[in-house]
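Please find below a colleague's note on the model under review.

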Amino acid sequence: MLIVPEALIADLVSPEDAFAAVEAVFAAMDAGGAYNFPVVREALGEGRQYGFKSGLDRTGHLLGVKAGGYFPGNAAKGMINHQSSVFLFDPDTGRPVAMVGGNLLTALRTAAASAISIDRLARTDAKVLGMVGAGHQAAFQLRAAARVRRFEKVIAWNLHPDMLPRLGAVAAELGLPFEAVPLERMVEADVIVTITSSPAASLMAAHVSPGTHLACMGTDTVGKQEVDPALVAGASLFTDEVAQSVTIGEAQHAVKAGLVDATAITPLGAVITGRHRGRAFDSEVTLFDGTGVGLQDLAVAGRAVVRAQERGLGSAIDV
Ligand code: NAD
């Protein structure tokens, strides 16, 4: 079994690798070659969440699980709030293949999913990127979004405004003007990424203009919520996996309220494989409910292992 520690990941997997790996696995899911197992997610108290996301990707020859969660007290201890590890097994024998540090991989695969949705669903002339959220994931989201559209400006809102300058520094790195705005000014955005741990809707239908693409990435658990259910109900809905979208994703609230049915939600993989046309007209509001699936984790961890093996990196142990 190969151990690929967190410290090696940045050199092994680029954002472009993550984009390609996640796009391939979304397509495999749509073609029936890969599926996720039911998510286990437990509240540990004091806001801590822990769980397991797993699946089998026959196309990519990957079987495994990501174990990890969200520990909101970590930031004060100098650690990021998300902590996770990915375990890969041989799909033919069940033997352990690798244990891979999952923190950077989580950020890369989540940003990749959001960027794929922007690439496939946002208007090609999108100029203004709106960011709702400015935590650890937000910087990755901003960088990934900037790779798929020629944005001219970033506007951002965060419940805790003191976190915004850090996101502004990322925009500056990318050469993009950055402005902190009230939520009402999100009507100026062509693409909006939401990436918060909010328990209640911040972004309301009145804050979004016709033709906007939304990538709602923060809601990955029962009880989290970033956007108005009326906004979800009025949008053309896409997701990584429908079963997760209606139970732990942003759509859970609109479904519970009887505003949306699971049959109205399209897997993004269907757009990638060409089974669904994606955006139909310029004024359509499209919304990607990015819940984060185990197969994304296996896909990027698989890339890390192949690269580590090629370069003789990581530690091999007998188990
Ligand atoms: P973080 O703790 O670094 O940042 C949290 C963000 O949420 C900050 O912007 C903070 O200001 C904001 N926030 C906190 N409480 C809020 C409230 N009540 N209302 C509005 N905003 C609030 O977290 P992070 O690592 O950036 O992760 C953000 C979210 O993304 C989390 O919910 C996390 O579980 C989720 N996430 C989803 C995926 C996925 O695949 N969909 C992957 C990773 C993380």
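The numbered points that follow take up the domains, their interface and the cores.

1. This is a predicted model, in which local features need pLDDT of at least 70 and side-chain atom pairs count only at pLDDT 80 or more, while totals for chains, interfaces and linings use all residues. Residues are numbered from 1 along each chain as its sequence is written, and side-chain values use heavy atoms, with hydrogens and water left out.

2. The protein chain is divided into domain 1 (2–106 + 295–316) and domain 2 (118–292); such bounds come from an automatic or database domain assignment. The C-alpha centres of the two domains lie 23 Å apart.

3. At the interface, 19 residues of domain 1 are in contact with 24 residues of domain 2, contact meaning heavy atoms within 4.5 Å. For salt bridges (a side-chain nitrogen of Lys or Arg within 4 Å of a carboxyl oxygen of Asp or Glu), the rule finds four across the interface of domain 1 and domain 2.

4. The largest nonpolar core has 70 residues, of which F26, V100, L129 and M131 touch the most other members. A nonpolar core is a set of buried Ala, Val, Leu, Ile, Met, Phe, Trp, Tyr and Cys residues joined through side-chain atoms within 4.5 Å, where buried means under 20% relative accessible area (1.4 Å probe, protein chains only). Both domain 1 and domain 2 give residues to this core, so it lies between them.

5. Leaving aside neighbours within four places in sequence, V100 is in contact with residues including V4, I9, L105 and V305. A second, separate core of 25 residues includes A189, C216, L237 and A254.

Key
Buried < 20%, exposed > 50% of the residue type's maximum accessible area, 1.4 Å probe, protein only.
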